[in-house]
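My plan is to jot down what I look up, entry by entry.

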Amino acid sequence: MTKQEIINTFDPSQPGLADATIFGLPFSSEQSEIIIIPVPWEVTVSYGAGASEGPEAILDASFQVDLNHQDFPELWKLGMYYAEIPETWKNNSDKYKALAQPIIEALEDGQDVNQIPALKADLDTINTVCRDLHTQVKETVLHWMNQGKKVVLVGGDHSTPLGYYEALVTKHDNFGILHLDAHMDLRIAYEGFTYSHASIMYNALQIPQISKIVQVGIRDFCEQEVDVVHSEKGRVLVHTDSDLKKETFEGKTWAEQCDAIIASLPQKVCISFDIDGMYPWYCPNTGTPVPGGFSFEQATYLFNKLAESGKEIIGFDLVEVAPGENDDWDGNVGARMLFHMCGVLAKNNGLHTGTKINFPR
């Protein structure tokens, strides 16, 4: 059937189709406007684990998401497709995560890994494998972008979007990153891992086309990260959770804060959303939870304002969703945030998502 024939016969009020793609949608990759790249990777995690299971948890939970979104009621008609990826990504994540643990344990014991030949060799291997993963992600993203698709990435830990950013710079010579997170992620080769989840924004700064990183919700950082912020001389702007809350306690509205955040971004923007930026009850199983944060609605409000600001959203990543052993709450929150972010991306890029539903009251 043609895409229009599928739209005419598909009932979005019924449960998602079990044999369909993400959100229970019946479209093929060719018929879908948005391609979702899952990257189940968490080799360098240093505290809680499970981020590599995040994409699958989001996919499973997505079938319970109602498609009649208040802001984007016809988003589903555009089509969103969960791409197939090499099995080696998840297999290598498991394999090299196990190889990384003795290195982390040695560091925690105060040992110098560089003086232990076997661990140093393993560290070099892990850095090489992580670099290979980022190259493969870049190639995968470009494969879909070259077909005219809007491409987004779902992690995995926060190291996973580096190849995604490298793909974006082949299409855009200047853009900023709106970074929502509890952490700065500006550590330099954290624990010796060049591509650590805690180093993603430092690695992004090594890409000249990324002209600014604006961080929101930060509440955990080290001295080295503060030094990086100051050394970049305005290229990194930080809105800590403490500063934002102080402003609201003294009368400043979230709307005003969002306006200031958006104004500081360049014309083109990629969103990087670590789920632990939100209050921990939204993401209790994420790898490095921190007290404080912002609400689901604060995040979606900021994204909506960005979409309507006249600035261009060129992509986004959603990372660090980790399912619990006995519940799928984290996947449920991740799936709903993913759906909203797809709507924001589509609307901002001029794709038809329908007219917002307003109710009498």
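**Entry 1: a salt bridge in a helix.** I began with lysine 245, which forms a salt bridge with aspartate 241, their closest N and O atoms being 3.1 Å apart. For my own record, a salt bridge is a side-chain nitrogen of Lys or Arg within 4 Å of a carboxyl oxygen of Asp or Glu. Both lysine 245 and aspartate 241 sit in helix α8 (residues 241-249), 4 residues apart, or about one turn of the helix. Helices (H or I, at least four residues) and strands (E, at least two) are DSSP runs, numbered from the N terminus.

Is lysine 245 buried or exposed? Lysine 245 counts as buried because its relative accessibility is 19%, and aspartate 241 is buried too, at 9%. The cut-offs I use are under 20% relative accessible area for buried, over 50% for exposed, and partly exposed in between (1.4 Å probe, protein chains only).

**Entry 2: what I'm looking at.** This is a predicted model, where local features need pLDDT of at least 70 and side-chain atom pairs count only at pLDDT 80 or more, while totals for chains, interfaces and linings use all residues. Residues are numbered from 1 along each chain as its sequence is written, and side-chain values use heavy atoms, with hydrogens and water left out.

**Entry 3: other salt bridges.** How many salt bridges does the structure hold? I noted 12. One of them joins lysine 90 and aspartate 94, at 2.9 Å from N to O. These two residues lie in helix α3 (residues 87-108), 4 residues apart, about one turn of the helix. Aspartate 94 is partly exposed, with a relative accessible area of 39%. I also found that Glu53, Lys90 and Asp94 are linked in a network of salt bridges.

Next I checked glutamate 232, which pairs with arginine 235 in a salt bridge, the closest N and O atoms being 3.3 Å apart. Glutamate 232 counts as partly exposed at 23% relative accessibility, whereas arginine 235 counts as buried at 16%.

Entry 4: Which peptide bond did I mark as cis? The one from glycine 155 to glycine 156 is cis, with omega near 25°. Glycine 156 is in the loop between β3 (150-155) and α5 (162-168).

Then I turned to the loop between β4 (175-180) and α6 (200-205), where I found aspartate 185. Aspartate 185 has a positive phi of about 55° although it is not a glycine, and it is buried, with a relative accessible area of 5%. Glutamate 191 is in the loop between β4 and α6 as well. Its phi is near 60°, a positive value in a residue other than glycine. Glutamate 191 is buried, at 17% relative accessible area.

**Entry 5: serine 309.** I placed serine 309 in the loop between α10 (296-307) and β8. A polar atom of the serine 309 side chain lies 3.2 Å from the backbone nitrogen of lysine 311. Serine 309 is partly exposed, with a relative accessible area of 33%. Its C-alpha atom is separated by 14 Å from that of isoleucine 271, 38 residues apart along the chain.

**Entry 6: aspartate 328.** Where is aspartate 328? I found aspartate 328 in the loop between β8 (312-319) and α11 (329-348). Aspartate 328 counts as exposed because its relative accessibility is 54%.

Key
A polar contact is a pair of N or O atoms within 3.5 Å; within protein, one must be able to donate a hydrogen and the other to accept it, and residues adjacent in sequence count only if both atoms are side-chain atoms.
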